Amino acid sequence: MCVDGTHIRIIPPMNDRDHHYNRKGFYSLNALMICDHKMVIRYVNARYGGANHDSHIWSVNGIDDFFANKHQTGDTTVKVLADSAYPSKPWIVTPKRNAAPDSPEASYNTHHAKGREIIERTFGILKNKSTCLLWARQLHYTPEIAICITNVCCALYNICIAHNFSE
């Protein structure tokens, strides 16, 4: 499985504007998603404003507790590939920091990055199938409605993946 956050552009909300204004310079939801090797979205949480960092969302929404519990009860085979924004834990596989060129750590990072491409491809297909989520567009609704729209888009995406629907 792979985890990452993706920004869903929204109009400036009436309340909590600072909470939704992200580091990229626009208002958004930061949707944390986990996908499997078949690009099926196994988890989505779009309740957090764009100003929240991926690792913060990971730590406060309960998903880390879920994986920690699996690990503590003996299921140590479940791993989640994550980028360097996430904490390194037995169930979270992150790249090696400051890897020297041509070192085993650099090779590991290359393979790690290739493994994580699946979450980026998942985001791309999701947003191309649900064009309201594309970066060039924005949802013209309250954050609460935008969260629901994001969740529905993910559910419809999974239906398309399960039934091999193209377009």
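The side chains of Lys70 and Asp75 form a salt bridge at 3.5 Å, N to O, a salt bridge being a side-chain nitrogen of Lys or Arg within 4 Å of a carboxyl oxygen of Asp or Glu. Lys70 is partly exposed at 27% relative accessibility, and Asp75 is also partly exposed, at 25%. Here buried means under 20% relative accessible area, exposed over 50%, and partly exposed in between (1.4 Å probe, protein chains only).

The model is predicted: local features need pLDDT of at least 70, side-chain atom pairs count only at pLDDT 80 or more, and totals for chains, interfaces and linings use all residues. Residues are numbered from 1 along each chain as its sequence is written, and side-chain values use heavy atoms, with hydrogens and water left out.

**Salt bridges**

- By the rule above, the count is six salt bridges.
- Salt bridges with shared partners join Asp4, Asp83, Arg116 and Glu120 into one network.
- Asp36 and Arg42 pair through their side chains at 2.8 Å, N to O; Asp36 is buried, with a relative accessible area of 8%, whereas Arg42 is exposed, at 55%.
- Lys89 and Asp64 form a salt bridge at 2.6 Å, N to O.
- Lys89 lies in the loop between strand 4 (80-81) and strand 5 (92-93) and Asp64 in helix 3 (residues 63-72), so this pair ties together parts 25 residues apart in sequence.
- Helices (H or I, at least four residues) and strands (E, at least two) are DSSP runs, numbered from the N terminus.
- Lys89 is partly exposed, at 29% relative accessibility, while Asp64 is buried, with a relative accessible area of 8%.

**Nonpolar cores**

- A nonpolar core is a set of buried Ala, Val, Leu, Ile, Met, Phe, Trp, Tyr and Cys residues joined through side-chain atoms within 4.5 Å.
- The largest such core has 22 residues, and Met33 and Leu126 have the most contacts inside it.
- Two or more residues of this core come from each of strand 1 (2-9), strand 2 (28-35), strand 3 (41-49), helix 4 (104-129) and helix 5 (143-162).
- Helix 5 gives the largest share of this core, five residues.
- A second, separate core has 15 residues, including Ile57, Ile63, Val78 and Ile92.

**Contacts of Met33**

- Contact means heavy atoms within 4.5 Å.
- Leaving aside neighbours within four places in sequence, Met33 is in contact with Cys2, Val3, Asp4, Thr6, Ile41, Tyr43, Val44, Ile119, Phe123, Leu126 and Cys154.
- Among these partners of Met33 is Asp4, and Asp4 also belongs to the salt-bridge network with Asp83, Arg116 and Glu120.
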